[in-house]
Amino acid sequence: MIIQATGLRELDGPLVDLLEESVTGRERDKYDDHVRTAEWAARALCGTEETALLERVKRLAADAACPWPARAELLPVLWPRHVDMAWLLETIAEADRMPHSPMGRRFVTMLARRVAAGECGIDDLDAWAASLPSAAHGDPRVRRMLSSAAWASVTTSAIGSATWRSGGRMLQAQWAANRALHGVSPEEISALEPQRRRQLVKDLLQHTGSGHMAATRLHDAGLLRADDFEWWLEDLRSTDAQQATNVPAFFAVYALANVVDDEGAASVVAAAEAAEPRWHVLAERFAASRAERVVPVDEDARNSESWSADQVLAEPQFASMVHGLQHPAQGTRSSDPVPAWAALTAAQHHIVAERAMSFLSSGPDAEEEVNASLIEVACRLLTAVDQSWLDRVPADHWLAWLPGLWRLPGGYTVVFQALERATAHDRDATDDFLIRNMHHDALTVALHQRRIKSPELSSQALARLSEGVYPAQTLSGLFDIAATTLPSPTAELAHTLLQANAPTPPEQGVGESIHRDTAVTAGSRLAACPMTPIQFDGLLTVFENDHTLARDIIYQAHHNASDAWSTLTASQRGQLYLWAHHALPRKPVASGRVVRSDPAEEFSSQILHPLTEHASIEHATILEELADKTGSVWLRAEAVDMRNTMRAREWRPPSVAEVREMLTDPSRRIIASREQLAWVTAEVLDDIGKSLRADRALRAQLWHRQRRDNVWVGYVPAEEREVSTWLAREMQRRLRERAAVLREVEINPRLGDTPGDIPDLLVEARTTSGQLLTVPGEVKCSWHDEVVTAITDQLGWRYLKGPLGSAGVYIAVYFGGNAWSNGDSRRARSARHTPERLRRDLHQHAATLADGGIGARVCVLDASLDNGPNTAEP
């Protein structure tokens, strides 16, 4: 701050060194003390003029992998003194310039400050505004800044100059997105010179696709005024008659019909009759007296107390009635088709609907924008009374109306109603219409494709995706259209584009892809499609190689693909969660602080939610595996609860035959106590012991084969932890749904210096009354120094003296045999025992425990392995 305030430049070199050191190796979205230091260093560099240093700053600002907070602070150092807007637009990715992203918000703030200081030219602002999607113009900060800057340019610059045209383009974008000029007061509009006002209106009407509606809105805003009527009429007379119906003057004269007296109307009719060809639309509109013209009701009339529903319904023309229904009534709701709806009775609602039905049945020309607006209002009126009335409209009308309704601002609902009925009437013609609009309006077509689900439209979109590279928004729309009915081919193409356009992995030298936006869009679309194992592995590899690209894909999928990640299999969710758990850790947040939700930080929770929300054995197994790999106590508890839920959900009362079988077969008895559960567990372990004695291949699962100099030299036993995991799996397979076998669950918490009690195995089951029963099990291998004493010291006095009861199982696994490699030190320690001696010694300890009221069942498993006749074979 001192450097920035004093302008001392001697430390600029060390500051750049510090900045480079602070951001090197930091992730793009990382924010820690190093990045915070880089921010302060960047702020202190404002005002530096040394070319070499500025080049280094440029490289950092252009590096997409650099932490974005530091990049955002570097931009004011460079712009506008050392780089121009073209450099910014080329260097900074589109997503980082949008006001909805974290860096984009800083970018907008920088622009606003430069505009306020008079350091940002209107041409620069115009270039940035032109790169924004329409939705971004609705951001409050953007619309305030652009509207005020654009208004200043049209009020001070020479009419027709480059500055005037830039301001006009920005106002037009604001007008199209918001239907208003935010930040421009009515007083400022009134104070605008007539010549400037007329030319501004002319420019706005020249570049809009909805001339009639735009003229009406401009009149309502005070820009198109009654005292300009003669000027507009004269301008219209000077226009080529054959092109007159598409010029701004035509729309302006048409919109001013409500303020023209009969004398002015006569002049319009005379001009219309003299034109070649005749302007029949204006002639018919102005031929009637002023009271009979179809005109919008002005605000004074709309708010007057003389308004009468009966009088409005008596209007002979539907358009006149609609304009009369714009009167706001008490109790009006946003869902009402017209503001006066609440003031009408049920009978009057039906009268209005019948008038709307008559209007639609007459087949008005939707190419006339006023008619298109009236068609939309008529559809709303019918929907409010009885939506089935729409089906009574002649089917061919809907197809004919589509082009006019498509251009209607905010007409999504009526366009879909038209598409739905036009498709039923002539699917091929409807598809042709949508295909024609697909290239320049792909997002809107995609929005409708989700509901009409046209296979031909998906096929055409897929073909276009294969033909070339498109802007990100068009690419996203084409993917959405294709995936609606062709998800598998779309996923394959998205996978191909992602692999072709993803940046180079770090170990091969980092290099930005020339089509990085294509990779981001393809990845986000792939996230919404069912993925084959190869496609999923490819996506996961891209995520592992480039965390920055992964974040960008996650952000875009979050904002643009509502169905993202919904088609993942349970196994894919587990793998993706494990990656996100390590690669996208949550940032610590101070207690009581409210922060903006980050889709990347919430990604692991989003992926995991379906696994925890829908209980199944498969989901429980995956959660247990994730708990083992992440050490999450919460995941393990979720898995336990899920198994309990599944057990309770699938339980059914035993039949008479099953009861008889249980009475004659002890292994099928209903478990009603901990002692019975311990007995059943011991039976299962005895069964595992019999299988081990009979099956050498099963015993071999508990051994690891060793190779030395490419020659097999013997076996060594698995570690005790691996043995416990193998036992848990074998026990669960035999117990099936009767009980759950868990690994290393804490049953007694740590107390002072005394460690918590965590048995190797914990068997859980529920009684028919819902009571939870648990039996701890301790596993020791024969080489363990405490293999004989742990039954008393560990299982008996620690695990079975707590709240989980006094019944447990002790499992000693004996290892021996001539296949055991001599180089393993555990072999000599194990040789101190034999299976028979172990069994005898452990039963003696168990008897001693039983005298104290503790029931410890002993199970000795013999996993000895001898070499077969051919030692070269596994």
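1. Helix α9, spanning residues 140-156, comprises 17 residues and extends 24 Å from its first C-alpha to its last, close to the 24 Å expected at 1.5 Å a residue. The coordinates belong to a predicted model. Within α9, the buried residues are Val142, Met145, Leu146, Ser147, Ala149, Ala150, Trp151, Ser153 and Val154. As background to such a list, residues three or four places apart in an α-helix point the same way, because there are 3.6 residues a turn.

2. On overall architecture, the protein contains 43 helices and 7 strands. Of its 874 residues, 49% are buried. Considering contacts between residues at least 6 apart in sequence, 67% join residues at least 24 apart.

3. Phe107 belongs to helix α7 (residues 102-116) and Trp128 to helix α8 (residues 122-130), so the pair ties together parts that are 21 residues apart in sequence. Phe107 is buried, its relative accessible area being 2%, and Trp128 is buried with a value of 0%.

4. A further pair is formed by Trp783 and Phe815: the ring centres lie 5.3 Å apart and the planes stand at 40°, so this pair too is classed as tilted. Trp783 is located in the loop between β5 (772-781) and α41 (790-796), and Phe815 in the loop between β6 (807-814) and α42 (826-830); the pair therefore ties together parts that are 32 residues apart in sequence. Trp783 counts as buried at 8% relative accessibility, and Phe815 is buried at 1%.

5. Trp783 also takes part in a contact with a charge: the charged end of Arg826 sits over its ring, 4.6 Å from the centre. Elsewhere, Arg421 lies over the face of Trp398, at 5.7 Å from the ring centre.

6. Aromatic rings also form a cluster, in which ring pairs link Phe543, Trp565, Trp579 and Phe603.

7. Finally, the cysteines. The structure holds 0 disulfides. Cys66 counts as buried because its relative accessibility of 3% is under the 20% limit. Cys120, at 12% relative accessibility, counts as buried by that criterion as well.

Key:
Residues are numbered from 1 along each chain as its sequence is written. This is a predicted model: local features need pLDDT of at least 70, side-chain atom pairs count only at pLDDT 80 or more; totals for chains, interfaces and linings use all residues. Side-chain values use heavy atoms; hydrogens and water are left out. A disulfide is a pair of cysteine sulfur atoms within 2.5 Å. Buried means under 20% relative accessible area, exposed over 50%, partly exposed in between (1.4 Å probe, protein chains only). Helices (H or I, at least four residues) and strands (E, at least two) are DSSP runs, numbered from the N terminus. Contact means heavy atoms within 4.5 Å. The expected span of a helix is 1.5 Å times one less than its number of residues. Rings of Phe, Tyr and Trp (its six-membered ring) pair if their centres lie within 6.5 Å; planes under 30 degrees apart count as stacked, over 60 as edge-to-face and the rest as tilted. A charge sits over a ring if NZ of Lys or CZ of Arg is within 6 Å of the ring centre and within 35 degrees of the ring normal.
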